[in-house]
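Subject: The structure, and what turned up in it

Hi,

Here is the structure I promised to pass on. Have a look at it first, and then read on for my notes.

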Amino acid sequence: MSYDDNNIFAKILRGEIPCKKIYEDEYVLSFHDINPQKKIHALVIPKGKFTDLDDFAKKATDKEIVGFIKGVNKVAVKLEITMDNGEGYRALVNIGEFGGQEVPHLHFHLFGGEKIGKMVQ
Ligand code: AMP
């Protein structure tokens, strides 16, 4: 699938629509999900144009991959949900139709602030 420049997260990255920002650096932007499923529901997206995790693994530079994973950790630390400064969380990535992905720009969901429950419902 080719990258759609009109997807909602591309628009957020370009500042065309607002978001409730949590963290931003050279590699990632993180913001609160508009329709939170848990007490804390954050999204972390890479700044580059990647449709999903497989596209990211194939095309991103090593720097972008490291920057993204470190960015996820920085967000979790900021939200105080890591095992070092909180009580843990779930990171989840949907990929494609069967994975339930709605927005075609790679994003990690971070759920926390309470027990998250069953792995798959
Ligand atoms: P997914 O189903 O994994 O593609 O998840 C897409 C997520 O993006 C959903 O949890 C939506 O609630 C969330 N979402 C959609 N539009 C926005 C927006 N403008 N700001 C924040 N989150 C959004």
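Two terms before we start: helices (H or I, at least four residues) and strands (E, at least two) are DSSP runs, numbered from the N terminus, and two strands pair if DSSP finds at least two bridges between them. Please keep in mind that this is a predicted model, in which local features need pLDDT of at least 70 and side-chain atom pairs count only at pLDDT 80 or more, while totals for chains, interfaces and linings use all residues. Residues are numbered from 1 along each chain as its sequence is written, and side-chain values use heavy atoms, with hydrogens and water left out.

Five strands make up an open sheet with antiparallel pairing, in the order 1-2-3-5-4. Strand 1 (21-24) and strand 4 (89-92) are at the edges with a single partner strand each, so one side of each has no neighbour in the sheet. On average, and ignoring direction, neighbouring strands are turned by 20° against each other; axes here are lines fitted to C-alpha atoms, for helices over the stretch in contact, and angles run from 0 to 180 degrees between N-to-C directions.

Strands 1 and 2 are antiparallel and joined by three bridges, and a hairpin of three residues leads from one to the other. Lysine 21 has phenylalanine 31 in strand 2 as its bridge partner. Strand 2 (residues 28-32) is also antiparallel to strand 3 (residues 40-46), with five bridges between them; here histidine 32 has alanine 42 as its bridge partner.

Helix 3 (residues 62-78) lies across strands 1, 2, 3, 4 and 5 (108-112), and runs at about 155° to strand 3.

Is serine 30 buried or exposed? This residue of strand 2 has 0% relative accessibility and counts as buried (buried means under 20% relative accessible area, exposed over 50%, partly exposed in between, with a 1.4 Å probe and protein chains only). A polar atom of the serine 30 side chain lies 2.9 Å from the backbone oxygen of leucine 43. Apart from neighbours within four places in sequence, the contacts of serine 30 (heavy atoms within 4.5 Å) include Lys20, Tyr23, Leu43 and Val75.

Lysine 20 sits in the loop between helix 1 (8-13) and strand 1. Lysine 20 is exposed, at 60% relative accessible area. Leaving aside neighbours within four places in sequence, lysine 20 is in contact with Ser30, Phe31 and His32.

**The ligand**

Which residues come nearest to the ligand? Of the 16 around it, they are Asp33, Asn94, Glu102, His107 and His109; a residue is near a molecule if one of its heavy atoms lies within 4 Å of it. An N or O atom in the aspartate 33 side chain is 2.5 Å from an oxygen atom of the ligand. A ligand oxygen atom also lies 2.8 Å from a polar side-chain atom of histidine 109, and a ligand nitrogen atom is 3.1 Å from a polar backbone atom of isoleucine 34. On its own the ligand has 510 Å² of accessible area, of which the protein covers 85% (Shrake-Rupley method with a 1.4 Å probe).

**One backbone angle**

Most residues other than glycine have a negative phi. Glutamate 80, however, has a positive phi, near 60°. Glutamate 80 is in the loop between helix 3 and strand 4 and counts as exposed, at 56% relative accessibility.

Definitions and conventions: A polar contact is a pair of N or O atoms within 3.5 Å; within protein, one must be able to donate a hydrogen and the other to accept it, and residues adjacent in sequence count only if both atoms are side-chain atoms.
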